[in-house]
Amino acid sequence: MRALYFASLLLSINVCKSSLSEDFGEIYEEPEEVSVWPQPQKYQASPVTFQLSAYIFQIAHAKGSSAGPSCVLLQNAFRRYIDYIFGYGKKHKKNVKVFDSDLAELQVFITSPDSECDSYPTVKSDESYQLSVDQPTSVLKAPTVWGALRGLETFTQLVFEDKYGVKKINKTDISDFPRFAHRGILLDTSRHYLPLKVILVNLEAMAMNKFNVFHWHIVDDQSFPYMSPTFPDLSQKGAYQPYTHVYTSADVNMVIEFARMHGIRVIAEFDTPGHTQSWGKGQPGLLTPCYSGSTPSGTFGPVNPILNTTYDFMASFFKEISTVFPDAYIHLGGDEVDFSCWKSNPDIQKFMAQQGFGQDYSKLESYYIQRILDIVKATNKGYMVWQEVFDNEVKLNADTLIHVWKEKPQYENEMARVTAAGFHALLSTPWYLNRISYGQDWQGIYRADPQSFNGTAEQKQLVIGGEACLWGEYVDATNLTPRLWPRASAVGERLWSDENVKDVNSAYTRLAKHRCRMLRRGIPAEPLFVGYCRHEYDGL
Ligand SMILES: *[C@@H]1O[C@H](CO)[C@@H](O)[C@H](O)[C@H]1NC(C)=O
Ligand SMILES: *[C@@H]1O[C@H](CO)[C@@H](O)[C@H](O)[C@H]1NC(C)=O
Ligand SMILES: *[C@@H]1O[C@H](CO)[C@@H](O)[C@H](O)[C@H]1NC(C)=O
């Protein structure tokens, strides 16, 4: 019996053994190792090593910098990065008493007259920086605070521990800037409500990976957690729970300010006319009544596009949204409109006939979207839309961002079509990180490139970046962070680093160590494969 038992155990071990050819070897995080993620544009390290003492080393404003101690954004960042270097959170605090410091200071020098300290980052923000690590003073130069934030992140990534736990850094010169201006993460707070803390932790993780856009897919069919001062019934009746599962104005402002402190824009998405079931609960008359034969069936479809009251509501609503969210762009959705309810409704049929739309319901969709675009344009905001809006040939402003997400037609062809029409394009198709599979799926994520389509240099210039999307059907606070990181880090490097940085082998080693660093900073990023970190995450 026993022999049989062992035989079957052996057999099952064989069966269970990983046979994925894509798996690389195990990774151990050794002392003395440096991993910079994403890879800087120009990076020159020398074998000269300096020691850093927690008692001496400081980050400070350089003389002549256009930002000084009154710049709260930088003051906060200095504190945060000192803590990342020496603190490793409360748990891993090391008590290595080193009183010598070869490096006394990192001086931060903001070179342009407007440091932008009190403004919000935009798609045009200059995030470049130059970093020179040398004795006795290192210098970080950046035109604006946004570049300084990116450079501070890089500086702390250069610091390593020797086997005694002493912090060290090599003499290094870095000159860095992003390949793409828009590097985003989409989180979905409708399918599951996400507590504020989870959102804030992910903003921190985004900064560690040099992302600069939080795309907040804030409402959808399932729930409406955004508390609107103008239309309180929307969340009162449309949220999962009206008092606990909502984002108050104070919550929203906190997210926006926390994001700003990390150089991250917040772009809210209010997707219409589809994906709006939750809106209907607090705004009677907004959605289209569906018919079963000649009588209303009691169910509702997309936003009703034929009523003036719809547009009156939308005008007030988007006026509010345009003041709550400071970013120059609002994401208006426009994806996956189901025409069956519109088709069933006799009033809509009549309207279609009057307008001469025939049986082409995408014309009705375009009619609706066109009016929404006019409403939003009147608030002086730009807009982003999902690709269907472009596919349906809605007339769009020249500066509209087309968000490519569909697998069919091939996204490369869609990127080519969008840019050939002169529009800015943003890619998400290969980066739906809510989709998971066994093995190292980060590699496919890493290989995808937003500019890999057949098109002219001018067309390639119109690609402003991409977004990793984490849709919320199977995700809430329990699993969001490990599912997103470090898989999203692969997108982070693709969007920041030079297009020639694409060797998956070298990325694997750096990424595994970068993931260990995220653990040290309290981000529960999941493992890439087998191995260990010097400081394991203990879940507390
Ligand atoms: C840093 O300096 C050490 C000691 O000279 C050297 O072994 C190591 O390769 C250097 N690291 C880098 C990234 O150049
Ligand atoms: C809707 O608005 C249009 C234009 O302002 C107006 O001509 C029309 O009479 C209105 N329809 C209704 C039903 O109020
Ligand atoms: C680009 O065009 C070439 C030649 O027509 C074709 O072989 C290739 O598959 C195309 N690439 C993409 C990404 O569409």
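A polar side-chain atom of Asn170 lies 2.4 Å from an oxygen atom of ligand 1. The model is predicted: local features need pLDDT of at least 70, side-chain atom pairs count only at pLDDT 80 or more, and totals for chains, interfaces and linings use all residues. Residues are numbered from 1 along each chain as its sequence is written, chains are lettered from A and ligands numbered from 1 in the order in which they are written, and side-chain values use heavy atoms, with hydrogens and water left out.

**Exercise 1.** Find which residues surround ligand 1, and how much of its area the protein covers.

*Solution.* 
- Step 1: Look for residues with a heavy atom within 4 Å of the ligand, the cut-off for being near a molecule. Around ligand 1 these are Ala45, Ser46, Pro47, Thr49 and Asn170.
- Step 2: Sort them. Two are nonpolar, three polar and none charged. Here Ala, Val, Leu, Ile, Met, Phe, Trp, Tyr, Cys and Pro count as nonpolar, Asp, Glu, Lys and Arg as charged, and the others, Gly among them, as polar.
- Step 3: Locate the main contributor. Strand β2 (residues 42-52) supplies four residues, the largest share of the shell. Strands (E, at least two residues) and helices (H or I, at least four) are DSSP runs, numbered from the N terminus.
- Step 4: A backbone N or O atom of Pro47 is 2.5 Å from an oxygen atom of ligand 1, and a polar side-chain atom of Thr49 is 3.1 Å from an oxygen atom of the ligand.
- Step 5: Finish with area. On its own ligand 1 has 360 Å² of accessible area (Shrake-Rupley method, 1.4 Å probe), and the protein covers 47% of that.

**Exercise 2.** Now do the like for ligand 3: which residues surround it?

*Solution.* 
- Step 1: The surrounding residues are Glu412, Ser452 and Asn454.
- Step 2: In the side chain of Asn454, an N or O atom is 2.2 Å from an oxygen atom of ligand 3.
- Step 3: Ligand 3 taken alone exposes 360 Å², of which the protein buries 32%.

**Exercise 3.** Decide whether Cys341 is buried or exposed, and list what it touches.

*Solution.* 
- Step 1: Apply the rule: buried means under 20% relative accessible area, exposed over 50%, partly exposed in between (1.4 Å probe, protein chains only). Cys341 is buried because its relative accessible area is 6%.
- Step 2: Contact means heavy atoms within 4.5 Å. Leaving out residues up to four places away in sequence, Cys341 touches Thr288, Pro289, Cys290, Phe300, Gly301 and Pro302.

**Exercise 4.** Repeat this for Thr379: is this residue buried or exposed?

*Solution.* 
- Step 1: Thr379 sits in the loop between α11 (361-377) and β15 (382-386).
- Step 2: Its relative accessible area is 19%, so Thr379 is buried.
- Step 3: Beyond four places away in sequence, Thr379 touches Phe318, Lys319 and Ser322.

**Exercise 5.** Say how many residues of helix α17 are buried, then step back to the chain.

*Solution.* 
- Step 1: Helix α17 (residues 487-496) is mostly covered, with ten of its ten residues buried. Among them are Arg487, Glu493 and Trp496.
- Step 2: In the protein chain, buried residues make up 56% of the 540 residues.
- Step 3: The chain has 18 helices and 19 strands.

How values were computed:
A polar contact is a pair of N or O atoms within 3.5 Å; within protein, one must be able to donate a hydrogen and the other to accept it, and residues adjacent in sequence count only if both atoms are side-chain atoms.
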